Amino acid sequence: MILATIIFSVIGIILFIIIARSYSKLLKKNESGFLHLLMAFMYVCWLPIPIASYQILRDYEFLIIGTMFGVVSLGILILTMVLQASHLAYSAIHHDEDAEFWDKSDNWMLIGLLGGQVELLALILKGIWVMFIAICFWFRGDILSFSLAAVSSLFSVAYLINLLDLALVKKLRFLKLIKINSIVTNSETFAWFAFLTVWLVAPV
């Protein structure tokens, strides 16, 4: 199982690199639907990682709770990316029929229904899973891995602040102190799964 997980995870890392290198070109060609589909496949490739991590760290039974958060977070991201991909592809095909309508529809889909709040919630759940793994690393005496996991889990605080800011109609000034964009979230997510892939090869 571990070997298969590593192989799939490496494929996910390759997909991330492809997405990063072709992002601007795909947007210029109006292929944002395909871009989101690639991201969905990327998250699918990383889906076995929480379970594989638990298999290695199964001596710490409490990790099963964290593993559930990890699997659910990836499931939400996969579903969100697929729905966004379907909508954006359909919108691009019919955009010339009523440009104003489809622009509003895209904003509603990406910013309102399946945008920031859903993705931020998924990232917060991921952060909870990371926190459980960080505790396991601490108990194992793996200080380096613990430090990296702890830093990654701290991003959840920023994600929570941004989620609350998006959810509230009456804005609170202190919630605007920390702003997170897609570059930060995607880079942090990639870094975490890349680290876990390396760790799975030779767990301490």
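**Entry 1: the chain as a whole**

I note at the outset that this is a predicted model. I looked up the secondary structure and found eight helices and zero strands in the protein chain. Read along the sequence, the pattern is accordingly α-α-α-α-α-α-α-α.

Next I asked how much of the chain is buried. Of the 204 residues in the protein chain, 43% are buried. I also looked up the accessible surface, which comes to about 11,300 Å². Carbon and sulfur atoms account for 72% of that surface.

Then I turned to contacts between residues at least 6 apart in sequence: 73% of them join residues at least 24 apart.

**Entry 2: the largest pocket**

How much space lies in the largest pocket? I have about 900 Å³ written down for it. The lining consists of 32 residues. M39, E119, S182, I183 and N186 are the ones that lie nearest the centre of the pocket.

I wanted to know which helices supply the lining. At least two residues each come from α1 (2-28), α2 (32-46), α4 (63-94), α5 (99-113), α6 (116-140), α7 (143-167) and α8 (182-201).

By residue type, I sorted the lining into 19 nonpolar, twelve polar and one charged.

**Entry 3: helix α3**

Helix α3 covers residues 49-56. I looked up its buried residues and noted I49, P50, A52 and S53.

T5 lies in helix α1. Is T5 buried or exposed? Its relative accessible area is 2%, and buried means under 20%, so T5 counts as buried. Not counting residues up to four places away in sequence, T5 touches P48, I49, A52 and L200. I49 and A52 are among the buried residues of α3 noted above.

T67 lies in helix α4. With a relative accessible area of 5%, T67 is buried. Leaving aside neighbours within four places in sequence, I found T67 in contact with P50, I51, Y54 and W129. P50 is another of the buried residues of α3.

I6 lies in helix α1. I looked up its relative accessible area, got 14%, and wrote I6 down as buried. Beyond neighbours within four places in sequence, I6 is in contact with T197, L200 and V201. L200 also turned up on the list for T5.

Where does I6 sit relative to W199? The two are 193 residues apart along the chain, yet their C-alpha atoms are separated by 9.7 Å.

**Entry 4: F195**

F195 is found in helix α8. Its relative accessibility is 18%; the cut-off for buried is under 20%, so F195 counts as buried. Which residues is F195 in contact with, leaving aside its neighbours within four places in sequence? I have F137, S145 and L148 on the list.

F195 and A149 are 46 residues apart in sequence, and C-alpha to C-alpha they are 9.2 Å apart in space.

**Entry 5: L154**

Is L154 buried or exposed? The relative accessible area is 58%, and I recorded L154 as exposed.

Key. Residues numbered from 1 in each chain as written. Predicted model: local features only at pLDDT ≥ 70, side-chain atom pairs only at ≥ 80, totals over all residues. Heavy atoms only, no water. Buried < 20%, exposed > 50% of the residue type's maximum accessible area, 1.4 Å probe, protein only. Helix = DSSP H or I, 4+ residues; strand = E, 2+ residues; numbered from the N terminus. 1 Å grid on protein atoms, 1.4 Å probe; cavity = no way out; pocket = protein on both sides within 12 Å on 5 of 7 lines; lining within 4 Å. Points joined across faces, edges and corners; volume = space filled by probe spheres on them. Nonpolar A, V, L, I, M, F, W, Y, C, P; charged D, E, K, R; others polar. Contact = heavy atoms within 4.5 Å. Areas by Shrake-Rupley, 256 points an atom, 1.4 Å probe, with all protein chains shown as cover.
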